[in-house]
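Take a moment to look over the sequence and the fold.

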Amino acid sequence: MEVPSCTALRAAQLSHTMEKRVTLKDRTFRLSMPEADILAAVDRIAVRMAADLKDRQPLFLVVLNGAFMFAADLLKRVEIPAEVSFVKLSSYCGTESSGCVNEIIGLTQNVEGRTVVIVEDIVDSGLTMKRMTDMLRASGAGEIHIATLLSKPDALKYNVPLDYVAMEIPNDFIVGYGLDYDGLGRNLRDIYTVVD
């Protein structure tokens, strides 16, 4: 299944005749992905994932806080026997990646020999996913898959295989649908891009 390109996303953003904006703290953000487009992308990868993993009874490992909305919508659509657990990692401060991953709540499930699907909101540098996959391999995971709502190919610094990508986006700072700016904006149904 083809992932929508950054160019296609920019063209779609420009086609909005009425631009919806939100202000969070000191920054303004414009609508870039309406909820309907997000859910359509989630549906596409859910169908693939259900077919790929139907006989494996995977453990979905959701990365908090950002992936909570994506995980909820995705897991409702992947109708296969599965377990769900959560970890909390952070590499952001404001609108910039801090360059290091701080583990806040670690893995508590036994993953030895298991098929594990990491559910992430956004992969930009790839640092968080590298840390997660290294941790899971060290714990004996059998198979590791990565499902991400968003990927920023222009920002990628670490070579991590992304098995399920709902959408590719430009290297812009975004909020909404689980993603935040200093704790705000996670509850927005749509995704918004910062206005320079």
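How many of the residues of strand β6 (residues 115-123) are buried? Nine of the nine are, so β6 is largely enclosed by the rest of the structure. Buried means under 20% relative accessible area, with a 1.4 Å probe and protein chains only. Strands (E, at least two residues) and helices (H or I, at least four) are DSSP runs, numbered from the N terminus. This is a predicted model, in which local features need pLDDT of at least 70, side-chain atom pairs count only at pLDDT 80 or more, and totals for chains, interfaces and linings use all residues. Residues are numbered from 1 along each chain as its sequence is written, and side-chain values use heavy atoms, leaving out hydrogens and water.

Strands count as paired if DSSP finds at least two bridges between them. β6 pairs in the parallel sense with strand β3 (residues 59-64) over four bridges, and F60 stands opposite V117 in β6. Eight bridges join β6 to strand β7 (residues 143-151), also in parallel; here V119 has A147 in β7 as its bridge partner.

Helix α4 has residues 127-138. Its buried residues include L127, M132 and L136. Just after α4, G140 takes a positive phi of about 90 degrees.

The largest nonpolar core has 32 residues, and M49, L74, L149 and L150 have the most contacts inside it. Such a core is a set of buried Ala, Val, Leu, Ile, Met, Phe, Trp, Tyr and Cys residues joined through side-chain atoms within 4.5 Å. Its largest share, eight residues, comes from α2.

Definitions and conventions. Buried means under 20% relative accessible area, exposed over 50%, partly exposed in between (1.4 Å probe, protein chains only). A crossover is right-handed if, with the strands pointing away from the viewer, the path from the first strand over the helix to the second runs clockwise.
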